[in-house]
Amino acid sequence: MIYMRAGYIAVLGTLFLYACLLSWRRHRLIRAVARAEASRDSARPPAATPPLEDGMTRAVIAPPLSGSPVAHPEGPPEVGR
């Protein structure tokens, strides 16, 4: 009977520690996602653009998330070059 009680204590203790570990990992994941969203939002250009004289608005093109410039802003490269 003593071995059975010790087994239950060992199993329940292990499950408790595993639950604590999962809770801690979830907390870290939530913090990491919040930090990533905050840094992404701070790098975004403002959403509102002033209207043009005829009432149309300019298109806002967000920069790539990697921070690298656009590869070919003037158009696709010529074939054979």
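Arg25, Arg28, Arg31 and Arg35 form a positive surface patch in this predicted model. Patch members have over 30% relative accessible area and no salt bridge, with like charges joined within 9 Å and nonpolar side chains (Val, Leu, Ile, Met, Phe, Trp, Tyr) within 5 Å. A salt bridge is a side-chain nitrogen of Lys or Arg within 4 Å of a carboxyl oxygen of Asp or Glu. Arg28 lies in helix 1, residues 2–43, and is partly exposed because its relative accessibility is 46% (buried is under 20%, exposed over 50%, partly exposed in between; 1.4 Å probe, protein chains only).

A nonpolar surface patch consists of Met1, Met4, Tyr8, Val11, Leu12 and Leu15, which together have about 710 Å² of accessible area. Val11 also belongs to helix 1.

Of its 81 residues, 1% are buried.

Local features require pLDDT of at least 70, and side-chain atom pairs count only at pLDDT 80 or more, whereas totals for chains, interfaces and linings use all residues. Side-chain values use heavy atoms, without hydrogens and water, and residues are numbered from 1 along each chain as its sequence is written.

Conventions: Accessible areas come from the Shrake-Rupley method with a 1.4 Å probe; for residues, only the protein chains shown count as cover. Lys and Arg count as positive and Asp and Glu as negative; His and the chain ends are not counted. The place of a charge is taken as NZ of Lys, CZ of Arg, CG of Asp or CD of Glu. Helices (H or I, at least four residues) and strands (E, at least two) are DSSP runs, numbered from the N terminus.
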